[in-house]
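Grab a pencil and work through these exercises with the structure open beside you. Try each task before you read its solution.

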Amino acid sequence: MARARSGINKIHALKLPDQRRLDPAIKKLFAKFVEKIGFVPNVFRSYTLRPSRLEHFRKYNNELMLGDSGLTRLEREMIAVVVSSVNHCHYCLVAHGAAVRVLSGNAELGDQLAANYRAAELPARQRAMLDFVWKLSATPAAIEESDRASLRRFKFSDEDIFDIAEVAGFYAASNRLASAVDARPNPEYYNMGR
């Protein structure tokens, strides 16, 4: 079934508030995005519909992706891509695929993870992590002790296992929200890391 598109610059299926009328704190945050990365990620624009939740979302996202963890930032982005692959989330596949390319210095890795992470040449430890993430995302009720034991064989601590699951869970929720509102990836993501 083809989607009706209202124009080439469509970023969202819902009507977002006029940017000129946003709260000054949100305008300031958006100006920081532009200063740091050159654009405002559309996922943050989505939260202008519920501005009181925007800062909570941003802080939680930053804590998960940048906070203290036994997982590298790249590994967390890899998890986001694999979860998004299971869920066919257009926005997150493009945005986090770009982050994987940038962080890894590998122009192909983000696309490989998006299409089929098993086709990517990965260390066995990362492959085990992504096997767990795929199963957790596709069939969460099927996770059992042997899946956690598999991660422990690769020296993932219980804290690491929790972090893997929390990042996967966060992106499962984000995927559903992005898909429900038809949030579109910013065009800038497509060329990042290429």
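**Exercise 1. Which residues is Leu-16 in contact with, leaving aside its neighbours within four places in sequence?**

Step 1: contact means heavy atoms within 4.5 Å. With that cut-off, Leu-16 is in contact with Ile-11, Arg-45, Ser-46, Thr-48 and Leu-49.

Step 2: Leu-16 sits in the segment before α1 (24-37). Helices here are DSSP runs of H or I with at least four residues, strands are runs of E with at least two, and both are numbered from the N terminus.

Step 3: look at a pair. Leu-16 and Tyr-47 are 31 residues apart in sequence, and their C-alpha atoms are 8.8 Å apart in space.

Step 4: check the cover. Buried means under 20% relative accessible area, exposed means over 50%, and partly exposed is in between (1.4 Å probe, protein chains only). Leu-16 has a relative accessible area of 19%, so it is buried.

Before you go on, a word on the model: it is predicted, so local features need pLDDT of at least 70, side-chain atom pairs count only at pLDDT 80 or more, and totals for chains, interfaces and linings use all residues. Residues are numbered from 1 along each chain as its sequence is written, and side-chain values use heavy atoms, with hydrogens and water left out.

**Exercise 2. Describe the overall build of the protein chain, starting with how many helices and strands there are.**

Step 1: count the elements. The protein chain has nine helices and zero strands, and along the sequence the pattern reads α-α-α-α-α-α-α-α-α.

Step 2: take the dimensions. Along the principal axes, the C-alpha atoms fill a box of roughly 55 × 35 × 35 Å.

Step 3: compare with a rule. The radius of gyration is taken over C-alpha atoms, and the globule rule is 2.2 Å times the number of residues to the power 0.38. For 194 residues, a compact globule would come out near 16 Å; the protein chain has 17 Å, which agrees.

Step 4: Of the 194 residues, 44% count as buried. The protein chain exposes about 10,900 Å², and carbon and sulfur atoms supply 55% of it; this area comes from the Shrake-Rupley method with a 1.4 Å probe.

Step 5: check the reach of the contacts. Take contacts between residues at least 6 apart in sequence: 65% of them join residues at least 24 apart.

**Exercise 3. How do the axes of helix α5 and helix α6 cross, and which residues meet there?**

Step 1: find the axes, which are lines fitted to C-alpha atoms, for helices over the stretch in contact, with angles from 0 to 180 degrees between N-to-C directions. The axes of α5 (residues 90-104) and α6 (residues 109-116) come within 7 Å and cross at roughly 140 degrees.

Step 2: name the angle. Under 35 degrees is roughly parallel, over 145 roughly antiparallel, 65 to 115 roughly perpendicular, and the rest oblique. Therefore α5 and α6 are oblique to each other.

Step 3: list the residues. From α5 come Leu-93, Gly-97, Val-100, Arg-101 and Ser-104, and they meet Leu-109, Gly-110, Asp-111, Leu-113 and Ala-114 in α6.

Step 4: sort them. The contact has five nonpolar, three polar and two charged residues (nonpolar: Ala, Val, Leu, Ile, Met, Phe, Trp, Tyr, Cys and Pro; charged: Asp, Glu, Lys and Arg; polar: the others, Gly among them).

**Exercise 4. Where is Val-133 found, and what is it in contact with?**

Step 1: Val-133 is found in helix α7 (residues 124-138).

Step 2: with a relative accessible area of 0%, Val-133 is buried.

Step 3: leaving aside neighbours within four places in sequence, Val-133 is in contact with Ile-79, Val-82, Val-83, Ile-164 and Ala-168.

**Exercise 5. Is His-88 buried or exposed, and what about Asp-182?**

Step 1: begin with the backbone. His-88 has a positive phi of about 55 degrees although it is not a glycine. Asp-182 also has a positive phi of about 55 degrees, and it is not a glycine either.

Step 2: locate the pair. His-88 is in the loop between α4 and α5, while Asp-182 is in the segment after α9 (158-180).

Step 3: read off the accessibility. His-88, at 66% relative accessibility, counts as exposed, whereas Asp-182, at 11%, counts as buried.
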